[in-house]
Amino acid sequence: MSEHQWLSTQNIRINGQRLWDSLMAMAKIGGTSKGGCNRQALTELDKEGRDLFVKWSEEAGCTIKVDPMGNIVARRAGKLNDSTSVITGSHLDTQPTGGKFDGVYGVLAGLEVIRTLNDNNVETDHPIEVVVWTNEEGARFSPAMIGSGVWSGEFDLEYGHSREDKEGKSIRSELERINYLGGDNFAPNSVKAAFEVHIEQGPILEIEDLQIGVLSGVQGMNWYDLIIEGQPCHAGPSPMESRQDPFMGLTSIMSKLYDMVAEFSPWSRLTFGDIKAEPGARNTVPERLIVAVDLRHPEQQTLDEMEQQFFNIVQEVAEKFGFKNNIKQEWRSPAVLFNQECVQAVRSSVDMLGYSNMDMVSGAGHDSVYVSKVVPTSMIFIPCENGLSHNEAENAKFEDLEAGCNVLLHSMLKQGYR
Ligand SMILES: [Zn+2]
C-alpha cells in the first residue's frame with residue numbers, strides 16, 4: 001500500500017551539512033570579494049554552475065533533460081515512471097552583486113532531497129524532478145523569470161530566444177554557446193505538483209523569530225504613472241496663494257494615500273519610487289509631475305478596492321486644487337493564490353516536523369508565479385539575515401536552511417505517492 005510506504009518515510013531527515021557544503025561549493029563559482037556572488041545568466045560562470053549541478057545530479061543517479069529555453073531537469077525515477085512528476089526548483093543565476101542563497105538554495109535543496117531519498121532507499125510512486133530555471137533574475141536579459149515564463153506559456157519560445165543583453169547577444173545564441181540549447185521535451189502536463197523553497201528576501205520571519213513561512217500566494221501588484229499638471233511660474237514674484245503648484249496637490253494626495261493604505265494593513269504596500277518634475281528648474285514652479293506609483297496586496301479584491309480609492313483620492317484632490325490629473329496604468333500582475341492541496345502539504349509537513357511558522361505571501365516575483373499558472377504549486381520561505389537580498393551580504397542560518405529543506409522533502413513526499 002502506498003499509504004503505508006509514505007508513512008514509513010516520516011522519520012527521514014535531510015543532511016544539513018551536505019546541503020551547506022554544496023551551497024558553499026556553488027558560491028565559489030562567481031564568488032565576489034565581499035562574500036557574494038556574480039553569476040549572471042548564460043555567462044561562462046553560469047555554465048560552470050550548471051555543469052556542477054548536472055555532475056552532482058548524475059552522481060545522484062538522475063537523468064538530465066535540457067529544454068529549448070535551457071531549463072535543466074534532473075529526474076529521479078519513480079515506480080510509476082510514465083506518470084506525472086513532483087517537481088521543485090529555482091534558479092542558479094544571480095544579480096551582479098547577488099548573494100549565495102537567492103535561488104541557489106531552492107535548487108540545491110531539491111538536490112539534497114534526492115540525495116536523502118537515495119540514502120534511505122525510498123522509492124516514490126511519482127518521479128521526483130529538480131528544475132534549474134533559466135534567467136530568473138532578469139539582470140542580464142529582460143524580462144525576469146523568462147525560463148519559467150516560456151515553460152508556462154506566458155511567453156512564446158521565439159520571444160524567449162530573442163531577448164538580448166546590453167551587448168546585443170541573444171538568449172538563443174548564448175544558450176548555444178554554453179551548450180545548453182536543449183531539445184528535450186519537458187511540459188507542464190508531465191507535472192503533478194511543484195514546490196519551491198526560497199529565502200524570504202524580507203524581514204518578517206526574522207522579526208517574528210519564526211523558522212518557516214507557509215506561502216499561500218504572491219501579492220498582486222499594480223504600477224501607475226500619476227501625472228499632475230499645474231501652471232509654471234517664477235519662484236520669486238508669484239504669491240503662494242495665486243499658484244497652481246502641482247506639488248501642493250501631490251503632497252495632499254500622498255498623505256491621503258498613505259492613510260488609505262494603512263487601513264488595509266498589514267499586507268498592503270504603497271511605494272512612490274520616482275518623481276519627475278518638468279521643466280525641473282529650482283526657481284520655477286513645475287508645470288508637470290510624473291510620479292511612479294506601486295500598489296500591492298495579496299488579495300485581488302482588496303487590491304481592486306485600494307485602486308478604486310486611489311483613483312477617488314486623486315480625483316478629489318485635483319478638483320479641490322483645480323489641477324489636471326491623469327493616471328496611466330503601466331503594468332498589472334494579478335494576485336496569485338497557490339494550490340490548496342500543495343499549501344496543505346507544506347503546512348502538514350511543517351506541523352509534523354514541529355518548526356515554528358506563519359502563513360504569508362510573497363512580495364517578490366519567483367519562478368513559482370509562472371509555474372503556478374499551469375500546475376498545482378506552493379512555496380516555502382526561510383528567514384534571511386536582516387531581510388537582505390540582492391546584496392553580497394545576503395545570509396541565512398544553517399539550521400533554517402536545514403529546516404526549509406526538510407519541509408521541502410516532506411511536502412514532496414506527500415505528493416510523491418498515489
Ligand atoms: Zn530568487
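**Glu229, a partly exposed residue, in its salt bridge with Lys324.** Glu229 has a relative accessibility of 22% and therefore counts as partly exposed, whereas Lys324, at 59%, counts as exposed; here buried means under 20% relative accessible area, exposed means over 50%, and partly exposed lies in between, as found with a 1.4 Å probe on protein chains only. The side chains of Lys324 and Glu229 meet at 3.8 Å, N to O. This pair links distant parts of the chain, since Lys324 belongs to strand β12 (residues 324-333) and Glu229 to strand β7 (residues 220-229), 95 residues apart. A salt bridge is counted when a side-chain nitrogen of Lys or Arg lies within 4 Å of a carboxyl oxygen of Asp or Glu, and the structure has 20 salt bridges by this rule. Helices (H or I, at least four residues) and strands (E, at least two) are DSSP runs, numbered from the N terminus. The model is predicted, so local features need pLDDT of at least 70 and side-chain atom pairs count only at pLDDT 80 or more, while totals for chains, interfaces and linings use all residues. Residues are numbered from 1 along each chain as its sequence is written, and side-chain values use heavy atoms, with hydrogens and water left out.

An α-helix has 3.6 residues a turn, so residues three or four places apart point the same way.

**Arg347 and Asp359 meet in a salt bridge of 2.9 Å, N to O.** The pair links distant parts of the chain, with Arg347 in helix α11 (residues 340-353) and Asp359 in strand β14 (residues 357-362), twelve residues apart. Arg347 is partly exposed at 23% relative accessibility, and Asp359 is partly exposed too, with a relative accessible area of 41%. Elsewhere, salt bridges that share partners join Glu44, Arg140, Asp165, Glu174 and Arg177 into one network.

**Arg140 sits in a loop between β4 (128-132) and α5 (146-151).** With a relative accessible area of 15%, Arg140 is buried. Its side chain reaches the backbone oxygen of Ala41 at 3.0 Å, and a polar contact of 2.8 Å joins it to the side chain of Asp165. A polar contact is a pair of N or O atoms within 3.5 Å; within protein, one must be able to donate a hydrogen and the other to accept it, and residues adjacent in sequence count only if both atoms are side-chain atoms. Not counting residues up to four places away in sequence, the residues that Arg140 touches include Gln40, Leu42, Thr43, Asn135 and Lys169, where contact means heavy atoms within 4.5 Å.

**Three residues, His91, Asp102 and His198, coordinate the zinc ion.** The donor atoms are NE2 of His91, OD of Asp102 and NE2 of His198, at 2.0 to 2.2 Å, and the donor residues are spaced H-x10-D-x95-H in sequence. His91 lies in the loop between β3 (85-90) and α4 (104-119) and His198 in strand β5 (residues 191-199), so this pair ties together parts that are 107 residues apart in sequence. Both His91 and His198 are buried. Donors are N, O and S atoms within 2.8 Å of the metal (3.2 Å for Na, K and Ca), and because water is not among the atoms, sites may look incomplete.

**The largest nonpolar core has 82 residues.** Such a core is a set of buried Ala, Val, Leu, Ile, Met, Phe, Trp, Tyr and Cys residues joined through side-chain atoms within 4.5 Å. The residues with the most contacts inside the largest core are Met26, Phe53, Tyr105, Leu108, Phe195 and Ile212. Helix α4 gives the largest share of this core, nine residues. A second, separate core of 23 residues includes Tyr224, Phe272, Val314 and Val317.

**Helix α12 (residues 367-374) is largely enclosed by the rest of the structure.** Six of its eight residues are buried, namely Asp367, Ser368, Val369, Tyr370, Val371 and Ser372. The elements that cover the buried residues of α12 include β3, α5, β5, β6 (212-218), β13 (336-337) and β15 (377-382).
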